[in-house]
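Hi,

Here is the structure I said I would pass on. Have a look at it first, and my notes on what turned up follow below.

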Amino acid sequence: MSALILNDYKDLFKNEASYDALIRVFHDAMANHGMPIVVSGKEVLFTAISPEATQDMLRDRIVRRLAEKPALLDAIARGLEEEVVD
């Protein structure tokens with residue numbers, strides 16, 4: 001998974017208000033666990049999901065993965081028992 005940090009692209013906007021307006025568009029579209037599909041012309045660029053929906057999705061993936069490979073729990077437990085070196 002990689003992150004695209006919009007703050008790194010603020011220079012592409014004509015001013016701070018334009019940037020803030022785009023952020024509001026995404027916030028509004030993702031309200032109530034909405035998942036807007038972002039397109040440019042006929043090309044689908046990405047689907048945006050809210051932080052809450054992301055958390056739910058990741059939790060479900062982790063539970064599914066652990067159910068498929070229970071040995072991962074043992075590996076995690078062993079890792080937690082090891083000393084952490086600063």
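Let me start with the charged pairs: searching the whole structure gives two salt bridges. By that I mean a side-chain nitrogen of Lys or Arg within 4 Å of a carboxyl oxygen of Asp or Glu. Before going further, please keep in mind that this is a predicted model, where local features need pLDDT of at least 70 and side-chain atom pairs count only at pLDDT 80 or more, while totals for chains, interfaces and linings use all residues. Residues are numbered from 1 along each chain as its sequence is written, and side-chain values use heavy atoms, with hydrogens and water left out.

Salt bridges

In one of them, Lys10 pairs with Glu16, and their closest N and O atoms are 3.1 Å apart. Lys10 is partly exposed because its relative accessible area is 31%; the cut-offs are under 20% for buried, over 50% for exposed, and partly exposed in between, with a 1.4 Å probe and protein chains only. Glu16 also counts as partly exposed, at 45%.

Another salt bridge links Asp56 to Arg59, again with 3.1 Å between the closest N and O atoms. Both residues sit in helix 2, three residues apart, or about one turn of the helix. Helices here are DSSP runs of H or I with at least four residues, strands are runs of E with at least two, and both are numbered from the N terminus. Arg59 is partly exposed at 42% relative accessibility, and so is Asp56 at 31%. As background, side chains of opposite charge can pair when their charged atoms come close.

Aromatic pairs

There are two aromatic pairs in the structure. One of them is Phe13 with Tyr19, an edge-to-face pair at 5.3 Å centre to centre and 85 degrees between the planes. Pairing needs ring centres of Phe, Tyr or Trp (its six-membered ring) within 6.5 Å; planes under 30 degrees apart are stacked, over 60 edge-to-face, and the rest tilted. Phe13 is partly exposed, with a relative accessible area of 23%, whereas Tyr19 is buried at 7%.

The hairpin

Strand 1 (residues 37-40) runs antiparallel to strand 2, and four bridges join them. For two strands to pair, DSSP has to find at least two bridges between them. Val39 has Val44 of strand 2 as its bridge partner, and Ile37 is opposite Thr47 in strand 2. The two strands make a hairpin with two residues between them, and Gly41 in the turn has a positive phi of about 65 degrees.

Ser50 counts as buried because its relative accessibility is 3%. Apart from neighbours within four places in sequence, Ser50 is in contact (heavy atoms within 4.5 Å) with Met30, His33 and Gly34.

A nonpolar patch

Which residues make the nonpolar surface patch of about 390 Å²? They are Leu72, Leu73, Ile76 and Leu80. Patch residues have over 30% relative accessible area and no salt bridge; nonpolar side chains (Val, Leu, Ile, Met, Phe, Trp, Tyr) are joined within 5 Å, and like charges within 9 Å. Areas come from the Shrake-Rupley method with a 1.4 Å probe, and for residues only the protein chains shown count as cover.

Leu72 is in helix 3 (residues 71-81) and is partly exposed at 32%. Ile76 lies in helix 3 and is partly exposed too, with 45% relative accessible area. The C-alpha atoms of Ile76 and Val44 are 38 Å apart, with 32 residues separating the two along the chain.

Best wishes
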